[in-house]
Amino acid sequence: MRNLFNPWWLFIINTLPICILFFLYGAQYSIIQSELNPESIFLWKVFGGILGCMALLNAAYTVYLIIRKKPVSLWYAAVALCGYTVFLYVMMIHYDDLIGGAIPDWMIAENLPLYPLTFLMPTLAFVMAELIYKLTPSRSSQAGWLSLAGAVSIPLLFFFYISVISSLWHPDPGRFGTHALFLLFIALTLGFLFLLFRAGYILVYKNSDRLNKYALVWKVPFAIVFPLLGLALNQGLLYNDFGSSNGLFGNFGDPWFFILAVVNGILLCLPPLRKKRLRLAVFTGRSITFSYTLYFFFVLLPYLPLSIIAIIAFGLGFLMLSPSLLIVVHVRELWQDIRDLSVFYSKKLLYGLLALSFLVLPGLITATYMHDRQELFAILEYMDYPDYSKTYEPDRKTLLKVVRNSQHTQVASRGRVSFGTPFLSTFYHWLVMDNLVLSNTKMEKIERVFALPEHVGLQRRQNEPQEAEVRINHSEVSSKYDEASGTWRSWVALEITNYSTSDQNGEYITTLNLPQGCYISDYYLYVGDRKEYGILAEKKSALWVYTQIRGYRRDPGILYYLTVNKVAFRVFPFLKGEVRRTGIEFVHKEPVELIIDDHTLMLGEAQVLDSEIIDGKHAVYIPSDRKAALPPANRTPYYHFIIDASVRASHDHIISAMDAFSKAGTERLEGAQISLVNSTVRTMDYTEKWREQVAGITLENGFFAERAMRQILARHYQDNAPAYPVMIVISDSLSEGIWPESFADMQFAVPESSAFYHLQPDGSLRTHSLISEPSLPVTNDRLLSREFDVVQWEHEGKVHYLRLDGRASVVLKNDLFTLPEADIHEKSWQSALALQAKQMAHILHPEVAGDEWLQMVKYSFLSKVMTPATSYIVVETEAQKAMLMKKQEEVLSGNPSLDAGEDVARMSEPEWYILAALLILFIYYRQRRAAKRSAV
């Protein structure tokens with residue numbers, strides 16, 4: 001027992017946690033420093049200086065003890081207990097002044113007020129144990145029962161005061177009296193914990209002979225009953241109004257927590273075995289489950305000072321103390337095992353076995369999480385960056401587990417105290433999720449593709465309507481032609497006014513349809529009288545920051561791609577009658593017409609030079625007038641049937657619909673193809689045996705229509721065939737399919753048409769659009785015909801087919817190519833064209849897009865040209881910029897398919913018992929913060 005108080009432990013339980021605490025608070029300070037007032041900055045320096053001095057003194061004292069080979073003294077334990085307790089109390093009551101009331105919550109790390117308690121609690125626990133050890137008589141059974149009686153009397157005293165005295169006497173203690181009451185409560189709480197654990201130490205270590213005689217009497221409750229009751233109470237299995245399925249102190253609903261509790265309890269209750277091999281096996285088992293006991297000890301360690309509240313509020317609150325008592329029992333059994341087994345085995349072997357066995361459970365958890373990571377990334381790759389030549393057949397059990405864990409991790413990452421599994425969720429979030437989240441939309445899409453039982457329906461993002469009262473009242477274009485590069489650079493300056501008579505803040509929302517070959521290269525927004533230029537940032541990070549800022553009614557503006565050539569433009573907020581100025585810079589090859597709302601703007605002046613075909617390194621730009629002079633193309637259509645083979649489909653419906661279509665006799669089916677679609681796509685030629693092929697389909701999973709159509713269009717473009725596909729979907733539940741918002745980014749693959757068709761039971765065809773809302777019909781009686789004239793252009797032995805639509809076209813020279821960094825130059829139109837070509841290549845070959853996503857973001861930053869991977873955003877303060885950079889760093893270091901966050905409504909507050917548990921530490925802080933907010 002004496003080895004536990006070796007001075008080397010002070011480095012682990014004090015110096016290391018304080019270093020981590022400094023790192024976390026330093027990272028927070030670096031973000032919000034510019035928003036803090038001088039008083040708050042002074043407090044940061046004061047508390048940081050005090051804690052730093054305490055840590056240095058502790059380290060110096062530790063070095064002194066090690067050099068002089070002395071144990072930790074009783075005086076150190078007493079001074080450290082008082083010093084760190086007072087520091088925590090003073091820091092908590094000044095937390096509001098430390099942070100500053102103007103700092104929005106989204107810029108503050110989750111659970112920041114709990115960090116000091118979390119990282120200083122090991123020191124408090126250590127010195128408390130030191131005091132118990134030094135102040136306990138060598139052998140005193142009577143002292144143990146007296147300590148237990150004293151511990152029990154303290155919560156009874158509190159209960160009597162709350163239920164009797166406080167109801168009869170309501171004095172106004174004043175500020176000094178309030179602090180005195182809090183300090184008295186803290187002192188009594190420390191006294192309660194001291195007496196309780198001193199009693200446990202005496203009973204367990206000082207009366208071992210008597211305890212061994214009646215071992216099962218006290219071991220079964222401590223080792224089996226109390227842990228199981230605690231888990232059940234935490235999960236709401238004992239009382240519906242206490243605990244919850246998501247956990248009071250964390251989600252421990254997994255059956256393995258209960259199984260390990262039973263196994264651990266049985267191992268601790270086993271009597272000493274005579275056979276050395278059996279005793280060694282029991283020792284190994286206890287060493288394995290020791291990590292389980294230690295885990296729950298650390299989970300509830302920060303709440304130990306609040307255990308007295310739980311005991312008063314709810315009788316079974318003493319179960320909060322059971323992990324701390326159980327670890328005493330567990331350490332005792334391991335110590336006795338080592339002492340007895342050292343007769344047969346060397347202590348080095350036993351300690352080595354202890355260390356290796358201790359790592360078994362953490363190793364299994366890590367291996368399981370690594371498997372989840374591989375499975376998750378395989379799912380995301382299949383969904384977002386698929387290789388069309390491969391199929392993906394996941395293990396449904398593993399897939400469902402990964403989605404559920406992602407849901408818990410997503411909620412835990414928002415800081416809900418009652419969600420997630422402490423430490424494990426954080427570890428999972430880091431190892432599996434790269435500290436990012438899987439959005440609700442993406443999770444539900446996975447559920448629908450694989451028809452998982454938790455399916456709740458895919459929530460499609462709805463385009464937010466523009467507020468009619470907030471609109472452009474003036475626009476101005478300034479264009480400059482650069483003869484050296486042969487390109488235009490145009491600034492569009494806008495004045496936007498909120499014409500609403502409401503006092504509610506307005507937001508300007510619109511979309512820009514960029515002409516082909518026109519790119520956004522800069523952006524500004526006036527914040528007050530200051531002209532603030534936009535930051536080109538990674539798109540998901542920028543959207544997350546914009547959403548957070550908008551919730552606090554500050555001054556963001558943002559531009560980002562929705563689909564190919566379609567850009568969202570948003571500015572917020574607009575006070576009643578407010579006029580705000582903003583501007584966007586475009587780089588383009590020839591004069592183009594840009595429409596913003598009802599304003600038609602001409603970018604560039606009369607053509608300086610005759611339009612010409614620009615033969616770039618990776619793509620060719622063909623102006624509209626040159627394209628119109630190209631010879632027409634007369635490609636023939638062939639029918640490609642996309643058959644719903646999901647669990648919702650019906651063999652009879654498929655066969656009857658195809659029979660009705662073929663019997664009409666108006667269309668030829670020679671050369672047709674069939675794709676059987678559920679979570680995978682299997683394509684075959686249409687033959688006379690199509691009925692047998694359809695009848696043999698296994699109907700399973702969801703109808704992944706998006707994957708099928710993208711695969712068909714990509715393969716058609718790569719084949720460069722003289723015939724083009726007319727896609728006909730056969731499904732009796734088309735709306736249940738998995739559809740994107742648009743296939744507009746793939747229009748260049750089939751220029752003849754922007755439509756596909758839904759085959760009806762009577763053989764008729766219902767038209768759907770590839771451009772917008774594909775799952776919704778356009779009309780009921782549209783004829784099957786080409787919508788656009790097509791021309792052909794031959795280049796380097798390859799024929800390209802282009803839509804004759806009065807617009808310029810960009811043609812890929814190769815659908816797979818390497819884009820070197822040397823080809824990227826700042827605000828260069830040629831660089832922007834190369835980036836567009838690379839984006840088109842990624843559409844055709846999404847299997848390489850994930851690997852090159854980081855490169856595309858980097859090239860966008862280098863060129864200063866916005867791409868579908870980036871966004872221009874204006875933020876108001878340096879703190880917001882720092883937060884944007886922090887979030888961007890997280891996103892860029894993670895998987896490109898994961899999300900920065902989910903734009904959802906704020907979740908409900910924690911349950912009353914969580915607030916009660918936090919009351920003692922934060923009541924003063926909350927009162928002051930509420931007063932400041934009401935004053936505002």
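1. Helix H2 runs over residues 38–68, and its 31 residues reach 44 Å from the first C-alpha to the last, close to the 45 Å expected at 1.5 Å a residue. Please keep in mind that this is a predicted model. Just after H2, Lys69 takes a positive phi of about 55°.

2. Which residues of H2 are buried? The list has Ser40, Leu43, Trp44, Phe47, Leu51, Gly52, Met54, Ala55, Asn58, Ala59, Thr62 and Leu65. Their cover includes helix H1 (9–32), helix H3 (74–93), helix H4 (95–99) and helix H5 (115–134).

3. Now to the charged pairs: a search of the whole structure finds 31 salt bridges. One of them joins the side chains of Arg279 and Asp337, at 2.9 Å from N to O. This pair links distant parts of the chain, with Arg279 in helix H11 (residues 276–300) and Asp337 in helix H13 (residues 322–341), 58 residues apart. Both Arg279 and Asp337 are buried.

4. Asp337 also forms a salt bridge with Arg286, where the closest N and O atoms are 2.8 Å apart. Because Asp337 lies in helix H13 and Arg286 in helix H11, the pair ties together parts that are 51 residues apart in sequence. Why do Asp337 and Arg286 count as buried? Buried means under 20% relative accessible area; Asp337 has 1% relative accessibility, and Arg286 has 3%.

5. These residues belong to a network of salt bridges that links Lys219, Arg279, Arg286, Arg332, Glu333, Asp337, Arg339 and Asp340.

6. Lys887 is buried, with a relative accessible area of 10%, whereas Glu890 counts as partly exposed at 22% relative accessibility.

7. Is Lys838 buried or exposed? Lys838 counts as buried, because its relative accessibility is 2%. This lysine sits in helix H24 (residues 829–844). Leaving aside residues up to four places away in sequence, Lys838 touches Phe817, Thr818, Leu819, Glu852 and Met856.

8. Val220 lies in helix H9 (residues 215–234) and counts as partly exposed, at 30% relative accessibility.

Note on methods:
Residues numbered from 1 in each chain as written. Predicted model: local features only at pLDDT ≥ 70, side-chain atom pairs only at ≥ 80, totals over all residues. Heavy atoms only, no water. Helix = DSSP H or I, 4+ residues; strand = E, 2+ residues; numbered from the N terminus. Buried < 20%, exposed > 50% of the residue type's maximum accessible area, 1.4 Å probe, protein only. Expected span 1.5 Å × (residues − 1). Contact = heavy atoms within 4.5 Å. Salt bridge = Lys/Arg side-chain N within 4 Å of Asp/Glu carboxyl O.
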